[in-house]
Amino acid sequence: MDFIPDFIRDFLDWLMIAVFTPLFSAIGHFLQTIIISPLDALGAPLWLQVALVALMTAGISIFIRKLLRVDEKEAEFQRAFMERKQAQELIKEIDDWKKQSVLYDASDQELDERFNDYLAQRFARYGLTYLMPVFFALFWLDHIPAVMRLKEETGAVFVITFPGQIKGVSGISLPLLFMTVYLLAIFSYFKFRPKREIEAPTSDLEAK
């Protein structure tokens, strides 16, 4: 970190202390008030609270996925990629093999560039859709009062404890329960969603 100027480090420290920490604290307090406190008042056990938050997080991921039009963009790329591959078939009709070679090279280079752009965009979309909601939800759950108390009392966060150890395992941890419920919810969405939601949009050529 020595290569970073002092004024940049000071600015980043200020940004973390004065902006991000209060912001996330306020968001955490708001979520605590509208989600955890009502569940506590109803007497819901911690494991049920974690499961419900996991379901809500899955809903947020699905909402972000639709907001970013992930299905449409995937279909658009697949269609454009196949159209470009089909266009390569026309190169075979050229008699001059030198021209064929040049055109094949240019076409392959364009396909590679499009595929690399697609991979970068897909990574960014999936990061926003899945990784960020899961990361922030787990970070928030790890700091709610019930979990903090559990850490102080037992030194671990087993939201479901077994009467006796099963193969050396004392219970089900918070992250394990959260990810299990989250992944089951995401899997169920893809399994049972209407087929029309994943239909590729009509291309310009088809529209004409």
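**Salt bridges and their labels**

Tutor: Searching the whole structure, which is a predicted model, gives five salt bridges.

Student: Why is the contact of Arg69 with Glu76 called a salt bridge?
Tutor: The N to O separation between the two side chains is 3.5 Å. The cut-off is within 4 Å for a nitrogen of Lys or Arg and a carboxyl oxygen of Asp or Glu, so the label applies.

Student: What makes Arg69 buried, exposed or partly exposed?
Tutor: Its relative accessibility is 37%. Buried needs under 20% and exposed over 50%, so a value in between is called partly exposed. Glu76, at 30%, is partly exposed as well.

Student: How do you know that Arg193 and Asp71 form a salt bridge?
Tutor: Their side chains come to 2.8 Å, N to O, and the limit is 4 Å. Arg193 is in the loop between helix H6 and helix H7, while Asp71 is in helix H3, so the pair ties together parts 122 residues apart in sequence. Both Arg193 and Asp71 are buried.

Student: Which residues are linked with Asp71 in a network of salt bridges?
Tutor: Arg65 and Arg193 are linked with Asp71 in that network.

Student: What makes Asp142 and Lys151 a salt bridge?
Tutor: The closest N and O atoms of Asp142 and Lys151 are 2.8 Å apart, and the criterion is within 4 Å, so the name holds. Asp142 has 28% relative accessibility and counts as partly exposed; Lys151, at 30%, is also partly exposed.

How values were computed:
Residues are numbered from 1 along each chain as its sequence is written. This is a predicted model: local features need pLDDT of at least 70, side-chain atom pairs count only at pLDDT 80 or more; totals for chains, interfaces and linings use all residues. Side-chain values use heavy atoms; hydrogens and water are left out. Buried means under 20% relative accessible area, exposed over 50%, partly exposed in between (1.4 Å probe, protein chains only). Helices (H or I, at least four residues) and strands (E, at least two) are DSSP runs, numbered from the N terminus.
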